[in-house]
Amino acid sequence: MTGATLEQTENVQSVQQHSYSRRKLFNQCKKAFSFKYIEKVPERKSLAARTGSVVHDFQYQYVNHLYETNQSHDSEKFTQLRDDILADEHAEVREDALNIMNGTLADRTYRWDTKSNVSMEERWAFDSEWNLHTGLDDDAWFNKDPDAVKFRLRLDMVYFENNKLWIQDYKTNWRIMSQSEVENDDQLKIYAYAVSQKYPDITDIVLMLDFVRFDFQRIVEINVADARGVKKMLEKSIEKIESEADFIPEPGQYCDWCTFTSICPTFQRNSDEESVNIELNRPDPITSREQAKELAEKRKHLLIAADQLTEKLKRWAEVNGDIPLSHENLGFHPKSRTSVTDTRKAAGILLNSGMSSTEVWDALTFPKTKYYGLAKKANLSDETRDAFVEENVYTEFSYQKTD
Ligand code: SF4
């Protein structure tokens, strides 16, 4: 066994606490997993991750306040909490979080009379004998003793409604997972298994993934009987993680979110100026699929590196102003956008001019999120709502997930 492998194996012994997100990261990229959980490299949270934390924190405090005071809505508290939480945030995080809060969360109302046993920000854990411990505080949850806390779970909101147990999970992702992705995601089964241990009499569990950015909820129902294999599945994956010796970089979709690009050897090699120049100056065409794959990986990493440079430059320009280049300035410049503020009036004028209503109606567009929001307010069934929704497929040269 080489020195490096021996060292890694010794380190691996310290990865004895597990969770859904740890397992997911291990499956996405072993090297990123190793940086985060074995080498414990300090991370600078990406702006997207910071927006996620801010929105979670806000939702927890606001919804918890509504529950404790038995209110469906409280505009004053909403504004005060929002402003307090965002006061010291980075400008981009503040803007993004504000858009979510004002855009989709501000109009939400909550009914508490139909719900019981409501709890929020619950921390649960399985010990090494697979006994479930609930209602843990931070100290107990982060307990370093893997026998006491073997597998951790955090639940944003749990409650009973209509004889079913609901688990609500807030997501600030830019992409809404498809129904089948949610149904096939292990998160649902893991939650269902844990819940079935706490409430042995419950048979139906509903998982609601709440994509707060779009005010769109994916709802999946599961019968606890379908979660029977979870313990075995987790045991298997825990064994795989704990016995892993080669934490190799696995470039892929996760690179977009990875906070370890500056120390990842594959990322470094791919975005290294010299290696890019060699590729650009190579006169021969691509001759094999393997070579094409290597270049596609390199291109992806270069695009990510460009985004990271943009973020750095934005921060500098925010404080210091424009960066002068030879014939242009890079910085924040106002852009004007023209919009029709009173569509009703504009449509009236067009109709009065003799234009046909079909022509005018065709010119009016609904943004999808707005339409979905209105459809929800109008209590339309998904079927009625989607009768007018069409997905336009077009060809774009882009990276696409394969599994
Ligand atoms: S940059 Fe990509 S390959 Fe490297 S550690 Fe991060 S996810 Fe893995």
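How many Å separate the centres of domain 1 and domain 2? Taken over C-alpha atoms, the centres are 38 Å apart.

## The model and its layout

This is a predicted model: local features need pLDDT of at least 70, side-chain atom pairs count only at pLDDT 80 or more, and totals for chains, interfaces and linings use all residues. Residues are numbered from 1 along each chain as its sequence is written.

Domain 1 covers 47-237 and domain 2 covers 269-317. Such bounds come from an automatic or database domain assignment. The protein holds 17 helices and nine strands. Helices (H or I, at least four residues) and strands (E, at least two) are DSSP runs, numbered from the N terminus. Along its principal axes, the C-alpha trace spans about 85 × 70 × 45 Å.

## Confidence

The average pLDDT of the protein is 88, and 96% of the residues score at least 70. pLDDT is the predictor's confidence in each residue, from 0 to 100. Over residues 1-13 the value is below 50. Beyond near neighbours in sequence, this stretch has nine contacts in the model. Two residues are in contact if their C-beta atoms, placed from the backbone, lie within 7 Å. Confidence is lowest in helix H1 (residues 3-12), with a mean of 41. It is highest in helix H5 (residues 75-86), at 95. Where pLDDT is low, the predicted coordinates should not be read in detail.

## Inside and outside

Of the 403 residues, 19% count as buried. A residue is buried if 20 or more other C-beta atoms lie within 10 Å of its own, exposed if 12 or fewer, and partly exposed in between; C-beta atoms are placed from the backbone. Just after H14, Gly 354 takes a positive phi of about 105°.

The largest nonpolar core has 50 residues. Such a core is a set of buried Ala, Val, Leu, Ile, Met, Phe, Trp, Tyr and Cys residues joined through C-beta atoms within 7 Å. Tyr 191, Ala 192 and Ile 205 touch the most other members. Helix H9 (residues 186-198) gives this core its largest share, seven residues.

## Around the ligand

Which residues are closest to the ligand? They are Cys 29, Pro 249, Cys 255, Cys 258 and Cys 264, in a shell of 14 residues. A residue is near a molecule if its C-beta atom, placed from the backbone, lies within 6 Å of it. Helix H3 (30-38) and helix H11 (265-271) each give two or more residues to the shell. The shell divides into 10 nonpolar, two polar and two charged residues. Here Ala, Val, Leu, Ile, Met, Phe, Trp, Tyr, Cys and Pro count as nonpolar, Asp, Glu, Lys and Arg as charged, and the others, Gly among them, as polar.

Asp 256 sits in the loop between helix H10 (230-243) and H11. Its C-alpha atom is 8.7 Å from that of Lys 300, 44 residues away along the chain.

Most residues other than glycine have a negative phi. Glu 121, in strand S2 (residues 116-126), has a positive phi near 50°. Glu 121 counts as partly exposed because it has 16 C-beta neighbours inside 10 Å.

Asn 163 has a positive phi of about 60°. Asn 163 lies in the loop between strand S4 (151-161) and strand S5 (164-171). With 8 other C-beta atoms within 10 Å, Asn 163 is exposed.
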